[in-house]
Amino acid sequence: MEKEISRATLKRLPTYLSYLKALPAEASANISATALAAGLHMGEVQVRKDLALVSDGGRPKIGYNREHLIADIENFLGYGNSNDAVLIGAGKLGRALLGYGGFAEYGLNIVAAFDANDTLIGTTNGGKPIMHLSRLGEVCQRYKIKIGIITVPAEYAQGVCDLLIENGILAIWNFAPKHLNVPDGILVQNENMAASLALLCKHLNERMQGQDG
């Protein structure tokens, strides 16, 4: 049975997963929603609702078997199924993401990177290919790619986004500081580093002013 789940809940699930996996080996085999909420400083009602959406393993006064709950969350998020992706923009950020092996744990496999700059075409130290942008359609069709990662400068982001959608991409992970216009049914997850930095600086300034006062 397919359950409706909000984007807010989807964003919280990896947090639960990280906490559960980080618990020491000697920790109890079971964990309650109350204990999980307390460990993460989150609302118990919210945690309980989120877990109920992804697992039916909760038992009164016992909670969830920790290993089974980890498996339920991973299965719900699709971490067990490798999702192939393409990356557009083989600059420093793009190459760093291309070389990061940790994505495999989350079921993401970047098949190849693409760039319009001929001098970047080739193979990375990790063996990942960097191809000319003209080959994007060929690769997307061959591997039935549905995820695209954008790491190009802001002025090129919308054009790259349109090209990805033309080639069957349904979900876009956008690292460019640019709002993307997409049709209904296309999911865009923005990683706005400038906005994150602004929040960090604001928090730091407030703390520093508080210490000076």
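Analyst: Buried means under 20% relative accessible area. Keep in mind that this is a predicted model. By that cut-off, Leu136, Val139 and Cys140 of helix 6 are buried.

User: What makes the buried residues of helix 6 line one face of the helix?

Analyst: Look down the axis of helix 6: its buried residues fall within an arc of 100°, so they line one face. They pack against strand 3, strand 4, strand 6 (129-132) and helix 7.

User: Why is the set of 22 residues called a nonpolar core?

Analyst: A nonpolar core takes buried residues of types such as Val, Leu, Ile and Phe, joined through side-chain atoms within 4.5 Å. The largest one here has 22 residues, and those with the most contacts inside it are Val86, Phe114, Ile150, Leu164 and Ile172. Two or more residues each come from strand 3 (83-88), strand 4 (108-115), helix 6 (136-143) and helix 7 (154-166). Helix 7 gives the most, with four residues.

User: Which residues does Leu164 touch, leaving out those up to four places away in sequence?

Analyst: Contact means heavy atoms within 4.5 Å. On that basis Leu164 touches Val86, Ile88, Leu136, Gly148, Ile150 and Ile169. Apart from this core lies another, of 17 residues, including Leu13, Leu17, Leu51 and Ile73.

User: How much of the chain counts as buried?

Analyst: Buried residues make up 32% of the 213 residues.

Notes: Residues numbered from 1 in each chain as written. Predicted model: local features only at pLDDT ≥ 70, side-chain atom pairs only at ≥ 80, totals over all residues. Heavy atoms only, no water. Buried < 20%, exposed > 50% of the residue type's maximum accessible area, 1.4 Å probe, protein only. Arc of directions from axis to C-beta.
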